[in-house]
Amino acid sequence: MIDFSALGVLPAFTEKLAERRVTRPTEIQRMVVPPLLEEKSVIFRSATGTGKTFAYLVPALQRILAEPRASPSAGPLLLVCAPTFELCSQIKAEADFLLDGKHGVALLIGAADIGRQADALKKNKPLAVVGNPGRLLLLAKMGKLKLQALRFVVLDEADRLTAKECVGEMQELARLITGRPAVAACSATVSGKTAALLSPLLDDAINLETDEQEILRERIEHWAIFSEGRRKNQTLISFLAAGKPKKALVFTGRSWDAGKLAAAMQKRRIAVAALYSGMGRQERKDAIDRFRSGKAAVLVSSDLAARGLDIPGISHVIALDVSESRDAYIHRAGRTGRAGKRGIMVSIGDEVEMRRLAALEKKLGIVVHPKELYEGKICKPEISDE
């Protein structure tokens, strides 16, 4: 079986990956690492949890370390742009790990002191920067973040970066990037619209993708539980009591529901944390840390608030609504069944939503198993002979 060295990855990086027990590249890593080592641009799609972050960080960092840095004052050689603070922080942590703390990586996100960020750019002259588009754009327009030396640009969660809340800033930032850096754009779902909106950065990019349906079929079991809308919260609470999941991520569908639902669950003495719009950065960090550490067995969130979260060990993903969007289902389900482990995707919905789920079942080539709650247990529904 092929290993990272066969892809051209040097021992300095294979040894770091081995510290994480990452010794064999995933399918998407086998596809992406070689062209990036040749500094070719790529657009790649792969399900959540398949190693996309290392797929771009390893070759980009290896290439920029291979040659002496001509002029540190000209700016960083690698720029990674991601839509959420949490994802940016996770990417920076992985870059620091791969570099063993020997080279500077700056985290440039909103809600942090911009003056300190500007001073750090001037003083430390980081090799790489990671940030969200709004803050990167602002620092670039202020002349504090220089973009002319870039050799690699990474757009993580590219579909979210081209959603309406980010696309204006993202396009303006793209126009400030001079030269011809290699560009890697990735997500669990990348559409042609995404590539069009980020033109000309992605004009000559190679399109690569894995079969996310295989991951959905092989690693994740899909369950459906019928519940009328007004009873969904109670159905969720009953499911948690019956299934006792080790670590469950619950999607509410609407951000304002998350706080209310978490409060109701706390009254039932369920160890729960919540993510929703309007939370402060420290509140969000505390909620994620509680869930990551296991102090909270359940995290309740909207789709947007959970975007980009990389939390290992999620045994169950539970959706309290069923979207018609194939991509939305893939993003949600991809939070479990990661790193070779198995997981369960549970959809709790009414009659209309069950019809939507049946349509998604056909589109995605998965099998959804009906379940019901009976006397404190999760059971297969009885089928009447009548």
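This briefing describes the fold, surface, core and selected local features of one protein model.

The model is predicted, so local features need pLDDT of at least 70 and side-chain atom pairs count only at pLDDT 80 or more, while totals for chains, interfaces and linings use all residues. Residues are numbered from 1 along each chain as its sequence is written, and side-chain values use heavy atoms, with hydrogens and water left out. The protein contains 15 helices and 15 strands; helices (H or I, at least four residues) and strands (E, at least two) are DSSP runs numbered from the N terminus.

**Overall form**

- The radius of gyration, taken over C-alpha atoms, is compared with a globule rule of 2.2 Å times the number of residues to the power 0.38.
- The protein has a value of 22 Å, close to the 21 Å that the rule gives for 386 residues, so it is as compact as a globular protein of that length.
- The C-alpha trace spans about 75 × 45 × 40 Å along its principal axes.
- Of contacts (heavy atoms within 4.5 Å) between residues at least 6 apart in sequence, 75% join residues at least 24 apart.

**Surface and charge**

- Buried residues (under 20% relative accessible area, with a 1.4 Å probe and protein chains only) make up 52% of the 386 residues.
- The protein exposes about 18,100 Å², of which carbon and sulfur atoms supply 50%; the areas come from the Shrake-Rupley method with a 1.4 Å probe.
- There are 59 positive and 46 negative side chains, and the centres of the two sets lie 6 Å apart.
- Lys and Arg count as positive and Asp and Glu as negative, without His and the chain ends; each charge is placed at NZ of Lys, CZ of Arg, CG of Asp or CD of Glu.

**Nonpolar core**

- A nonpolar core is a set of buried Ala, Val, Leu, Ile, Met, Phe, Trp, Tyr and Cys residues joined through side-chain atoms within 4.5 Å.
- The largest core has 44 residues, of which F44, Y56, L78 and L98 touch the most other members.
- Helix α3 (residues 52-66) gives the largest share of this core, eight residues.
- Beyond its neighbours within four places in sequence, Y56 contacts residues including L36, F44, V80 and I91.

**Local features**

- K247 lies in the loop between α11 (232-243) and β9 (248-251), and at 10% relative accessibility this lysine counts as buried.
- Leaving aside neighbours within four places in sequence, the contacts of K247 include F291, R292, I311 and H316.
- In helix α6 (residues 133-141), the buried residues include P133, L136 and L139.
- Among the elements against which the buried residues of α6 pack are β2 (78-81), α5 (114-124) and α8 (167-176).
- G143, which follows α6, has a positive phi near 85 degrees.

Terms used. Buried means under 20% relative accessible area, exposed over 50%, partly exposed in between (1.4 Å probe, protein chains only).
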